[in-house]
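Subject: Structure for you to look at

Dear colleague,

I am handing over the structure below. My notes follow it; please read them with the model open.

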Amino acid sequence: MAPKTLLAEVLSGQKVLDLPKVLKKALSPATIALLFAIGGEAERQRAPLYLVGGFVRDLLLQRPNLDLDLVIEGDAIQLGRTLQKRFGGRLTPHQSFGTAVWWLPEDKKKLLRNIGSASKQKSSPQFPEFIDLVSARQESYRRPGSLPDVKFADIRADQYRRDFTINALALCLTGLRAGQLLDPWDGLRDLRRGLLRVLHSKSFSDDPTRILRAVRFAARLKFKIEPSTLKQLKSSLRFMNQISGERIRRELELALEEEKRVQVLQQMQKLGVLKSIHAGLKWQSAMGALLRRLIPSSALQVWGLENVPFTDISFVLWFVQLPASVIAAITDRLRFTADMRGGAVAAARLRASEPSLKKLSTSRLVSALEREPLISVFALYLLNSNNKFGQKLQRYAKEWRHIRSHLDGNDLKNLGLKPGPDYRNILERLRSARLDGEVKNVAQEKALLKKVING
Ligand code: CTP
């Protein structure tokens with residue numbers, strides 16, 4: 001008989017988990033030791049500590065997740081300060097939300113010794129980079145989409161402020177309840193049924209970014225949005241205009257980072273989510289095809305774009321088939337940086353001028369492309385990656401944009417030419433001749449230079 005999954009075990013009644021055994025399946029021994037050390041600190045402060053949110057969900061689904069969210073029924077910032085004092089690292093407190101991020105110290109071997117765990121390993125012990133510490137809190141929203149007012153509360157209230165039942169599970173790490181799974185809203189049942197369900201009817205209007213989260217989780221986990229949740233989702237689309245551009249952009253970035261990004265965006269289109277963000281924002285299957293060409297990402301290296309965030313390139317590819325004026329409006333709404341806005345608009349402009357670009361000589365094509373951001377030219381390339389024009393754009397990236405004339409300013413000076421603005425024009429003329437194959441070596445370039453100088 002196949003071993004029972006953890007979810008099946010807890011659903012069959014085992015609500016108190018053997019923490020070391022269960023955590024061992026998801027975390028390194030060092031991280032487990034750290035969690036118990038943090039639990040020890042919380043116990044000293046007489047404040048129960050819980051693992052919550054996505055980590056608990058994924059623990060039960062047996063999906064990898066190293067984002068540790070800890071909720072303390074007490075003061076998370078105080079807990080963070082104590083941890084920092086004892087073990088080192090850095091603390092980023094957020095006073096108004098009663099939360100803190102504890103960045104673990106660099107020296108991981110020392111950290112392991114400090115938490116009282118002996119290491120037999122030679123290699124550096126595996127820890128997460130940071131841990132989120134949250135004071136259990138209740139949230140209230142003055143109006144749809146506003147940031148919440150926060151007040152300290154117990155774990156149950158903290159679970160109730162969360163988006164979906166499957167994200168509202170808490171696993172107690174301390175005291176007599178250590179190992180207990182708190183599930184007041186039947187998140188376990190929804191995990192088994194594959195359902196995304198809100199905890200109350202105001203969830204989406206309180207925080208309309210949850211609309212985007214719902215679609216993202218549904219695609220990632222292959223879950224369904226439960227019918228009355230779906231109804232509430234649709235009727236809350238009208239609140240999307242209350243959300244800042246930065247917050248929506250961040251959610252769209254998360255959507256683009258998903259493995260199932262195409263399904264997420266398709267579903268956002270189908271449900272009218274994209275339209276609710278901006279009337280001109282849409283998703284078509286051709287956009288998916290283009291986005292798929294980004295992977296494998298070896299093309300990015302050829303273009304020297306490997307350090308550009310994946311989401312930046314994805315946005316440019318997504319928008320390139322929209323009219324430039326619409327892109328300008330969408331990128332304003334989403335508060336893109338000027339560079340990103342420029343890159344997206346330029347890509348659409350290049351696409352619109354594709355027929356005339358195709359007719360240009362190499363040197364003219366190079367000078368037209370050099371006026372545009374490289375990321376935009378790359379988008380034009382991906383649109384043409386199966387044809388001859390695409391091959392030219394690839395040569396532009398690899399070769400042509402790096403070509404200079406053989407001769408340089410010093411050579412002009414040695415010929416007795418007075419330095420001045422003409423230098424640039426002359427060298428540009430020589431470079432064009434080289435790009436177009438008019439000159440093939442230094443001797444021919446010198447001959448051309450003489451001709452240019454003598455008029
Ligand atoms: N949360 C919420 N509403 C939001 C954002 C977050 O209720 N708009 C809660 C959920 O309980 C969520 C937790 O905060 O599980 C942590 O947020 P986040 O890290 O964004 O979510 P994860 O569920 O961990 O998602 P992911 O797996 O994508 O990291």
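Predicted model: local features only at pLDDT ≥ 70, side-chain atom pairs only at ≥ 80, totals over all residues.

**Domains and ligand site**

The ligand sits in the largest pocket. Two elements each give two or more residues to the shell around it: helix H4 (54–61) and helix H10 (209–221). Of the elements, H10 contributes the most, with six residues. In terms of domains, at least three residues of the shell come from domain 1 (6–193) and at least three from domain 2 (200–277).

What is the make-up of the shell by class? There are 10 charged residues, four polar and one nonpolar. The ligand has 15 residues around it, and those that come nearest are Arg57, Asp163, Asp207, Arg213 and Arg220.

- Arginine 57: an N or O atom of the side chain is 2.8 Å from a ligand oxygen.
- Arginine 162: a polar side-chain atom lies 2.9 Å from a ligand oxygen.
- Asparagine 167: here a backbone N or O atom lies 2.9 Å from a ligand oxygen.

On its own, the ligand has 570 Å² of accessible area, and the protein covers 76% of that.

Regards

Notes:
Residues numbered from 1 in each chain as written. Heavy atoms only, no water. Near = heavy atom within 4 Å. Polar contact = N/O pair within 3.5 Å; in protein donor to acceptor, adjacent residues only side chain to side chain. Areas by Shrake-Rupley, 256 points an atom, 1.4 Å probe, with all protein chains shown as cover. 1 Å grid on protein atoms, 1.4 Å probe; cavity = no way out; pocket = protein on both sides within 12 Å on 5 of 7 lines; lining within 4 Å. Sits in = over half its atoms within 2 Å of the grid points. Helix = DSSP H or I, 4+ residues; strand = E, 2+ residues; numbered from the N terminus. Nonpolar A, V, L, I, M, F, W, Y, C, P; charged D, E, K, R; others polar. Domains from an automatic or database assignment.
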